[in-house]
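Welcome! Please take a look at it before reading on.

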Amino acid sequence: MKKAYIRSFGCQMNEYDADKMSDVLALAYGTERTNSLEDADIILFNTCSVRENAQEKVFHHLGRLRPLKAAKPELLIGVGGCVASQEGAEIVRRVPHVDFVFGPQTLHRLPQLIAARRASGRAQVDISFPAIEKFDHLPQARRQGPTAFVSIMEGCSKFCSFCIVPYTRGEEVSRPLPDVLAEVAGLAMQGVREITLLGQNVNAYRGRVGDDSADLAFLIETIAEMPGVERIRFTTSHPREMSARLVEVYGRVPKLVSHLHLPVQSGADRVLAAMKRGYTALEYKSIIRKLRAVRPGMSFSSDFIVGFPGETDADFQATLRLVEEVGFGDSYSFIYSPRPGTPAAELGDDTPAEVKEQRLAQLQRRIDLQGADERRRMLGRVERVLVEGHAAKDPAELAGRTDNNVVVNFPGAAALIGRLVELRITQAMTHSLRGELLAETAAA
Ligand code: SAM
Ligand code: SF4
Ligand code: F3S
């Protein structure tokens with residue numbers, strides 16, 4: 001098995017898992033990744049079921065693989081991720097040319113699944129939830145660039161009424177603290193400067209250290225002390241888990257970035273209650289206020305669901321007000337999609353589709369304008385940027401991210417890749433900035 005085509009749909013947790021699949025195959029068979037379906041000996045789709053569209057897209061892509069499999073019967077086709085977790089054997093029934101199905105918690109068992117498929121000649125399904133076992137069986141993290149993701153917890157125990165994730169990923173389980181620290185230290189030794197701590201509700205982290213438990217605040221403070229680590233991000237966090245301790249860390253740890261993605265979903269208390277989010281708009285705003293008090297200038301992005309069953313125009317106006325009050329500059333916003341098996345799927349919904357589409361467009365326009373304003377306000381400022389590589393549009397230039405997660409392109413020598421530099425912001429574009437090099441910030 002020389003070449004693997006691995007495609008990930010959905011969230012960053014899935015992207016992270018896709019990289020791990022690639023590592024598992026490389027270790028077991030020396031497999032390399034390819035971007036060409038035709039060249040691949042094994043094709044893996046890491047799927048997402050958060051909205052109906054995402055789920056149907058997977059079946060569409062799988063259907064298109066049929067001629068490829070017919071022409072090359074030894075080709076292996078595997079389906080992982082959240083659709084796999086939810087549908088299991090149903091995938092093989094619907095798409096008979098699929099060879100194996102595995103869940104987010106069983107991706108480390110890929111070699112066993114492949115062996116069983118070959119030995120039995122029958123499709124294999126393993127979507128069990130063996131807690132956090134996978135991390136003990138994954139190859140050591142390897143990195144080339146200056147940024148890396150480290151998964152610190154899996155799953156979700158919040159059961160928001162609209163969401164499929166607790167059913168596909170299982171309950172919240174945290175990795176032990178010493179394991180996380182060892183992985184971060186290993187990455188820092190390989191030249192990684194920015195660590196993004198990853199989890200479905202990353203601030204619900206409760207890592208074991210012997211008989212005690214450590215929270216995200218403690219983990220961040222400990223990582224900030226590690227030589228080589230210059231920046232710490234975390235995603236995705238839940239408002240209910242923004243503890244006073246975590247807020248205080250923003251006042252104490254400059255390496256923790258001044259940007260937070262904190263999904264709010266709606267600005268209307270009625271809707272938030274029906275969603276079972278466990279906070280009110282006022283409570284959400286109070287978290288933002290406390291964060292800005294300890295870290296002035298902090299920027300925020302969020303997730304929104306528009307057109308939740310029963311959302312009135314007044315509810316939607318409340319969301320727009322919240323968007324303005326907080327000043328979100330970026331968002332992931334979507335129209336509500338009923339997910340079979342979730343409580344909200346049973347609710348009556350009489351809002352016409354066109355109204356939902358208008359609301360979504362209005363929300364996104366507002367947030368885009370605020371984002372553009374935020375970037376314009378950065379003009380002339382000096383920003384610390386971690387140089388990640390060559391610019392996407394012009395390989396002669398370099399690109400990096402500011403503390404508040406905005407991409408900056410600038411002319412500079414390739415030797416700066418992986419370093420922290422100071423740039424003066426000279427131009428604000430639609431979704432990025434341009435800058436000029438002032439000085440290289442001494443990296444530890
Ligand atoms: N755990 C994170 C939180 O609650 O803050 C979010 C994780 S979820 C995978 C990502 C986003 O998908 C949610 O914040 C929500 O906006 C969106 N989402 C989840 N279920 C949805 C649904 N049924 N329809 C539309 N959007 C949905
Ligand atoms: Fe889904 Fe809610 Fe869990 Fe986020 S907190 S993953 S929205 S159930
Ligand atoms: Fe999708 Fe599963 Fe992530 S449903 S958003 S891939 S947790």
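In helix α11 (residues 244-252), the buried residues include L246, V247, V249 and Y250; buried means under 20% relative accessible area with a 1.4 Å probe, protein chains only. These residues span an arc of only 150° around the axis, which puts them on the same side of α11; the arc is taken from the directions from the helix axis to the C-beta atoms. They pack against α10 (216-224), β13 (231-235), β14 (259-261) and α13 (281-294), where contact means heavy atoms within 4.5 Å. Helices (H or I, at least four residues) and strands (E, at least two) are DSSP runs numbered from the N terminus.

This is a predicted model: local features need pLDDT of at least 70, side-chain atom pairs count only at pLDDT 80 or more, and totals for chains, interfaces and linings use all residues. Residues are numbered from 1 along each chain as its sequence is written, chains are lettered from A and ligands numbered from 1 in written order, and side-chain values use heavy atoms, without hydrogens and water.

## The sheet

An open sheet is built from 6 strands in the order β2-β1-β3-β4-β5-β6, with parallel pairing; two strands pair if DSSP finds at least two bridges between them. β2 (32-33) and β6 (124-126) are the edge strands, each pairing on one side only. Between β4 (residues 76-80) and β5 (residues 100-102) there are 2 bridges, and G78 stands opposite F100 in β5.

Two helices touch this sheet. Angles run from 0 to 180 degrees between N-to-C directions, with axes fitted to C-alpha atoms, for helices over the stretch in contact.

| Helix | Strands touched | Angle |
|---|---|---|
| α6 (residues 110-120) | β3, β4, β5, β6 | about 155° with β5 |

Notes
Buried < 20%, exposed > 50% of the residue type's maximum accessible area, 1.4 Å probe, protein only.
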